[in-house]
Amino acid sequence: MQPNIFMWGGLLKSILDSDLHIILDSVKSSKNSRYNRNRIAGKGEPAWLTIPYLGFKREKEIMNQTLDTSLSTKLKILNFFSNRYSDTIYYKNSLEILKSTLNVKNEEEKICTIYKKFLDSLKNIGIPISNTIYASNLLSEEEDLNNLKGIQIVNRILKKVNAKIYLGSENTLNYALPSEYTVDQVWIQKFTASPYPQINLKTENEFIPNLSILDMISYLNKDEILNSLQRSNKWVKYIN
């Protein structure tokens, strides 16, 4: 999967159910993706929590994209989040995750470095993140990589790690059939967020689904988070 800092619950559940999380960092980038951002709400309408790009170019591979981690930008992000969530029950947990994610000395940092720090910060509150590797490390000696299509790259990676099962999002079906993957089974995710209590001044009593996992972490403890993700998720299995 491509990096997704501040990911939504469906992606986190997919990682939790995996034996190995492969960060797809060796493909070209898309600026309108959620690599570096996701939505939060708290005390207000949903808005984007974003770490800005520096020198973004579509032709760059994801591993070479950098983010603005200057002190002024980090303070702006932390203040924006705090203004939204300071009244939530587990605000200290979500704020610590955000601080740990942004805790770098350089004024700019590679997006994959920041994403890995986010995953590590989830581990620090007891979220059982699976083992993680970079696709670029698996494919470092592949000379024909630029000539491969998306499904071909995924299959090359699956072969490298001797995978038997591939976990894919529902959106996966827009790009390839389950039968096109060279594994024994393909599991397609069906995720419908289970409501949990939220504070939102504009939409009182109305649950806002599919926000950044930081939203859930602000309202629930670790066990409640894992139980909520379990209730929300279903895997549809395809046998090849």
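Modeller: Start with T192, which counts as exposed at 61% relative accessibility. Buried means under 20% relative accessible area, exposed over 50%, and partly exposed in between, with a 1.4 Å probe and protein chains only. This is a predicted model: local features need pLDDT of at least 70, side-chain atom pairs count only at pLDDT 80 or more, and totals for chains, interfaces and linings use all residues. Residues are numbered from 1 along each chain as its sequence is written, and side-chain values use heavy atoms, with hydrogens and water left out.

Biologist: Where is the place of T192?

Modeller: T192 sits in the loop between β9 and α7 (213-219). Helices (H or I, at least four residues) and strands (E, at least two) are DSSP runs, numbered from the N terminus.

Biologist: How many residues apart in sequence are T192 and P209, and what is the C-alpha to C-alpha figure?

Modeller: They are 17 residues apart in sequence, and their C-alpha atoms are 8.3 Å apart in space.

Biologist: Now the sheet with β9. What is the strand order?

Modeller: The order is β8-β9-β10, an open sheet of three strands with mixed pairing. Two strands pair if DSSP finds at least two bridges between them. β8 (165-168) and β10 (233-239) are the edge strands; each has a single partner strand, so one side of each is left without a neighbour in the sheet. From one strand to the next, the twist averages 25°.

Biologist: How many bridges do β9 and β10 pair over?

Modeller: Seven, in the antiparallel sense, with β9 covering residues 185-191. One detail to look for is F191, whose bridge partner in β10 is N233. Helix α8 (residues 222-232) packs on this sheet and touches β9 and β10, with its direction at about 50° to that of β10. Contact means heavy atoms within 4.5 Å. Axes are lines fitted to C-alpha atoms, for helices over the stretch in contact, and angles run from 0 to 180 degrees between N-to-C directions.

Biologist: Another topic: which strands are in the antiparallel open sheet of three?

Modeller: That sheet has the order β4-β5-β6. β4 (53-54) and β6 (108-110) stand at its edges. β5 (residues 66-68) pairs with β6 over three bridges, and L67 stands opposite E109 in β6. Helix α4 lies across β4, β5 and β6, at about 80° to β6.

Biologist: How do α3 and α4 cross?

Modeller: The axes of α3 (residues 91-102) and α4 (residues 111-124) come within 8 Å and cross at roughly 145°. I97, S100 and T101 of α3 make the contact with I114, K117, F118, S121 and L122 of α4.

Biologist: What about α1, is it mostly covered or exposed?

Modeller: Mostly covered: eight of its eight residues are buried. Among them are G9, K13 and L16.

Biologist: And F6, what is its phi?

Modeller: F6 has a positive phi of about 65°, although it is not a glycine. Most residues other than glycine have a negative phi. F6 lies in the segment before α1 (9-16), and is buried, with a relative accessible area of 0%.

Biologist: What is the phi of N162, and is N162 buried or exposed?

Modeller: N162 also has a positive phi, about 55°, and is not a glycine. N162 counts as exposed at 61% relative accessibility, and its place is in the loop between α6 (150-160) and β8.
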